[in-house]
Amino acid sequence: MSLHRSTLAQLSAKLAAKEVSSVELTRHYLARIEAWQPSLNAFITVDAQKSLAQAKSADERIAKGNAAPLTGIPVAHKDLFCAKGWRTTCGSKILSNFIAPYDAHVIEQFDRAGAVLLGKTNMDEFAMGSSNENSAFGPVRNPWDLQAVPGGSSGGSAAAVAAMLAPAATGTDTGGSIRQPASFTGVSGLRPTYGRVSRYGMVAFASSLDQGGVLARTAQDMALVLSVMAGFDERDSTCMDRPTDDYAAGLGKGVKGLRIGVPREYFASGLSQDVAAPIQAAIEEYQRLGATVVEVSLPNQALSVPVYYVLAPAEASSNLSRYDGVRYGHRADQPGDLMQLYKRSRAEGFGPEVKRRIMIGAYVLSHGYYDAYYLKAQKIRRLIARDFAQAFEQCDVIMGPSAPSVAYDLGSKTTDPVQMYLDDLYTIPINLAGLPGMSIPCGFGDKARPVGLQIVGNYFDESRMLSVAHAFQQATDWHTRMPGGFE
Amino acid sequence: MLSLEQIARIAHLARLELAAGEDAAMQQQLNSILAMVDAMAAVDTEGVEPMSHPQQVTQRLREDRVTEVDARAIFQSIAPEVEDGLYLVPKVIE
């Protein structure tokens, strides 16, 4: 089997058996990235010299016999994880010249594991978007169909994994930004429980919703990567101090007796039939494997999008106030006074979607509107979280679609932001509750574009979710399907 | 519905300069977002505690000792304009 068709676990075995060196593997992926960058635009920054230096040290470590599972494995990172000496742009003009002066905790963890930083992937500006069309570095295209969007905001990471330009990539998920692109590109994606992975050095969008995670091709690969990313870090005050599992070791548990909750609201109007059918079929497959299905209800689910578009912009307007043209990032030329320096640097540096959200955030937090919008949204957020708590009294995992449709064409939804927001109705509630969520490929819909099954777990139940996904991938082959034209 | 005057006020609060003509488009888009958000108003939230954070935990306290090192030179190496260790901005006091 060619190197890039191998899973991360298989590559790890090849490295351990010295069938291939990390330098060879890294060169192989760098050549693939170069070949397909013009058609996919999945990467913002690649630095072969830096990557190969890391690969060389990984080979030395393997030779000494103290390799970890990810030693020598090239991993791509969403361009909002700060990596010392690497340009970290967040897909924004305002950070287009920003060289990170330190490493994110996640980057340190990959360094300790001996992984190779393969490059920084394209994304919607500051992770705000669902189609990757909001990047200052141009849109990413979907490897399954170059006319289609890859989803967002982790669109570059998803496209890179789908086109076999990287065995795995990191992403972040504030309202669905790992699960929806995973669904659109036919890869597996996991957003862990809020607090499972440190947000230190991960550029903030909405701090009470942001969580870093992984995109890869299999549950096993996600388990290997999560084992590296997860864990306590005192530099993130919201990172939970509780032990991590050996996620890869727990994969073989099967699904006999598993209680799958299926929310009746998930299959109501708005879900495209070409998506509903593969999701139903996947749930039936689980029943054949020994799981039982219980109907649950999430009555406040429809309020998730309105709540999210108050809370996320509010937190964003506060977080993004740091971009002032003074300490780093883009600075306007010849400002007349300090106020002009701020206003023009920000106006020139931010794109339209980021400006919209900063404006909404500033408004809902402003005097006289705080109670009606911000406080009200926080109260409904609790109702949404309670819905999940009640549902999990009757089931172990919740299943449904990751997105209401397959990937749509580039440019088809850019004129009406609200329409694109409403598409995130299946992913956003999980972020509001702080729960872990996952998307795994389970079939194809219209125009032969991939469909993803969403699996939602209870807090810190990633180990069970991964074994549930693994059981499906042992019984089916959807996760092995690759888009044509990338050999 | 937000008026153009309110749009200008919010833009000032957000420290964003709106180009000529940009304010009308922004007004239309923000009003469309707020119309969607207005679905919240109908929900009875009497007695519901606001949820500001997904985890019910109290903030950790750390030991009171110096842990940060001086990184001024590193941080200022990426600043747009510095002099003698200071960040330069247009004159604030005449």
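Which residues are buried in H11(A)? In this predicted model, local features require pLDDT of at least 70 and side-chain atom pairs count only at pLDDT 80 or more, while totals for chains, interfaces and linings use all residues. Residues are numbered from 1 along each chain as its sequence is written, and chains are lettered from A and ligands numbered from 1 in the order in which they are written.

Helices (H or I, at least four residues) and strands (E, at least two) are DSSP runs numbered from the N terminus. A residue is termed buried if 20 or more other C-beta atoms lie within 10 Å of its own, exposed if 12 or fewer do, and partly exposed in between, with C-beta atoms placed from the backbone. In H11(A), the buried residues are A:Val354, A:Lys355, A:Arg357, A:Ile358, A:Met359, A:Ile360, A:Gly361, A:Ala362, A:Tyr363 and A:Val364. The helix is thus mostly covered, with 10 of its 13 residues buried. These buried residues pack against H9 and H12 of chain A, together with H1 and helix H2 (22-37) of chain B.

The model scores ipTM 0.96 and pTM 0.97. Confidence per residue is given by the predictor as pLDDT, from 0 to 100. Chain B averages a pLDDT of 93, and 100% of its residues score at least 70. Within chain B, confidence is lowest in helix H3 (residues 72-76), at a mean of 95, and highest in helix H1 (residues 4-13), at 97.

Two residues are in contact if their C-beta atoms, placed from the backbone, lie within 7 Å. The contact between the chains takes 53 residues from chain A and 38 residues from chain B. On the side of chain A that touches chain B, at least two residues each are supplied by helix H9 (304-319), helix H10 (338-349), helix H11 (352-364), helix H12 (371-391) and helix H13 (417-422) of chain A. H12(A) provides the largest share of that side, 11 residues. By residue class, the side of chain A that touches chain B comprises 31 nonpolar, nine polar and 13 charged residues. Here Ala, Val, Leu, Ile, Met, Phe, Trp, Tyr, Cys and Pro count as nonpolar, Asp, Glu, Lys and Arg as charged, and the others, Gly among them, as polar.

Strands are taken to pair if DSSP finds at least two bridges between them. Strand S11 (residues 450-457) of chain A pairs in the antiparallel sense with strand S9 (residues 397-401) of chain A over five bridges, and with strand S10 (residues 437-444) of chain A, also antiparallel, over seven bridges. A:Leu453 in S11(A) stands opposite A:Pro401 and opposite A:Ile440. A:Ile455 in S11(A) is the bridge partner of A:Met399. All eight residues of S11(A) are buried. On one side these are A:Pro450, A:Gly452, A:Gln454 and A:Val456, and on the other A:Val451, A:Leu453, A:Ile455 and A:Gly457. S9(A) is likewise mostly covered, with five of its five residues buried. Strand S7 (residues 259-263) of chain A pairs with S9(A) in the parallel sense over two bridges, and A:Gly261 has A:Ile398 in S9(A) as its bridge partner.

Five residues separate the strands in the hairpin of S10(A) and S11(A), where A:Lys447 takes a positive phi near 55 degrees. A:Met164, which is not a glycine, has a positive phi of about 60 degrees. This residue lies in the loop between H5 and strand S4 (168-172) of chain A, and A:Met164 counts as buried because it has 21 C-beta neighbours inside 10 Å. In chain B, B:Asp84 also has a positive phi, near 50 degrees, in a residue other than glycine. B:Asp84 is located in the loop between strand S1 (82-83) and strand S2 (86-87) of chain B, and is exposed, with 5 other C-beta atoms within 10 Å. The peptide bond from A:Gly152 to A:Ser153 is cis, with omega near 10 degrees; A:Ser153 belongs to the loop between strand S3 (116-121) and helix H5 (155-162) of chain A.
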